[in-house]
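Have the model open and follow along.

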Amino acid sequence: MSEAIDWTPKAHAVLQAASELFYEHGIHAVGVDVIAKRAGVTKKTLYDRFGSKDRLVVEYLTERDNRWRGFLDAHLARADPSPRAQIAAVFDASAAWARERGRKGCSMINAHAEISDPAHPAYSVIVGQKRRMLALFTELATAAGVADPRQAGEQIMLLHEGAVVTAGMHAIEDAFTSAAAAASALLG
């Protein structure tokens with residue numbers, strides 16, 4: 001997958017269509033013919049730009065992860081630099097993202113339900129996003145001076161991901177606020 005994509009307007013249209021359809025219906029449920037039709041292109045154009053559905057999935061997840069990172073970074077930049085405020089900013093960003101862009105839950109978690117084979121080209125994108133979140137939580141726990149920052153980072157990650165899942169399922173009202181309070185308590 002090292003060959004660069006020619007990001008023509010049609011390639012952007014294909015990615016936009018695929019992103020909407022994959023998030024709404026699932027990756028395996030959506031065929032390239034449906035994506036091409038939604039994008040207003042032929043299947044040949046889709047394959048000319050992306051080469052395969054797998055590559056399109058990688059681009060969908062990468063683009064969504066990049067948007068999430070920018071969204072999160074903006075929230076972190078606006079927050080006080082203290083570890084406790086930064087943790088709160090992560091949970092606030094996640095709550096805002098879920099309200100604005102995540103009514104069907106986390107695209108990475110949803111994708112992992114369909115793609116759990118480490119050999120799949122999208123797998124590294126999926127797990128990479130979660131590993132970066134764990135690294136962030138561990139870094140903030142280290143900055144807070146907790147005795148075992150790795151353990152605290154993992155516990156905060158579990159709280160965060162639990163909030164992401166329950167918010168996506170609409171199972172707990174205000175899941176991020178509850179999870180953020182518990183995460184803050186882990187910082188001592």
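A cavity here is a set of points, on a 1 Å grid over the protein atoms alone, where a 1.4 Å probe fits but cannot get out. Grid points are joined across faces, edges and corners, and a volume is the space filled by probe spheres set on the points. This is a predicted model, with local features needing pLDDT of at least 70 and side-chain atom pairs counting only at pLDDT 80 or more, while totals for chains, interfaces and linings use all residues. Residues are numbered from 1 along each chain as its sequence is written, and side-chain values use heavy atoms, leaving out hydrogens and water.

**The cavity**

The structure has 1 cavity of 30 Å³ or more, and the largest cavity comes to about 240 Å³ in volume. Its lining counts 18 residues (those with an atom within 4 Å of a point). Nearest the centre of the largest cavity lie Trp68, Trp97, Cys106, Gln129 and Val164. Two or more lining residues come from each of α4, α5, α6 (107–114), α7 (123–144) and α8, with α8 giving the largest share, 4 residues. Helices here are DSSP runs (H or I, at least four residues), numbered from the N terminus. By class, the lining splits into 7 nonpolar, 7 polar and 4 charged residues; Ala, Val, Leu, Ile, Met, Phe, Trp, Tyr, Cys and Pro count as nonpolar, Asp, Glu, Lys and Arg as charged, and the others, Gly among them, as polar.

**Two helix pairs**

Axes are lines fitted to C-alpha atoms over the stretch in contact, and angles run from 0 to 180 degrees between N-to-C directions.

| Helices | Angle | Axis distance |
|---|---|---|
| α3 (43–50) and α4 (53–78) | about 65° | 9 Å apart |
| α5 (83–101) and α8 (149–169) | roughly 20° | within 11 Å |

So α3 is roughly perpendicular to α4 (65 to 115 degrees), and α5 is roughly parallel to α8 (under 35 degrees).

Which residues meet where α3 packs on α4? Leu46, Tyr47 and Phe50 of α3 touch Lys53, Arg55, Leu56 and Glu59 of α4 (heavy atoms within 4.5 Å). That contact has 4 nonpolar, no polar and 3 charged residues. Over at the other pair, Ile87, Val90, Phe91 and Ser94 in α5 meet Ile156, Leu159 and His160 in α8, a contact with 5 nonpolar, 2 polar and no charged residues.

Terms used
Parallel < 35°, antiparallel > 145°, perpendicular 65-115°, else oblique. 1 Å grid on protein atoms, 1.4 Å probe; cavity = no way out; pocket = protein on both sides within 12 Å on 5 of 7 lines; lining within 4 Å.
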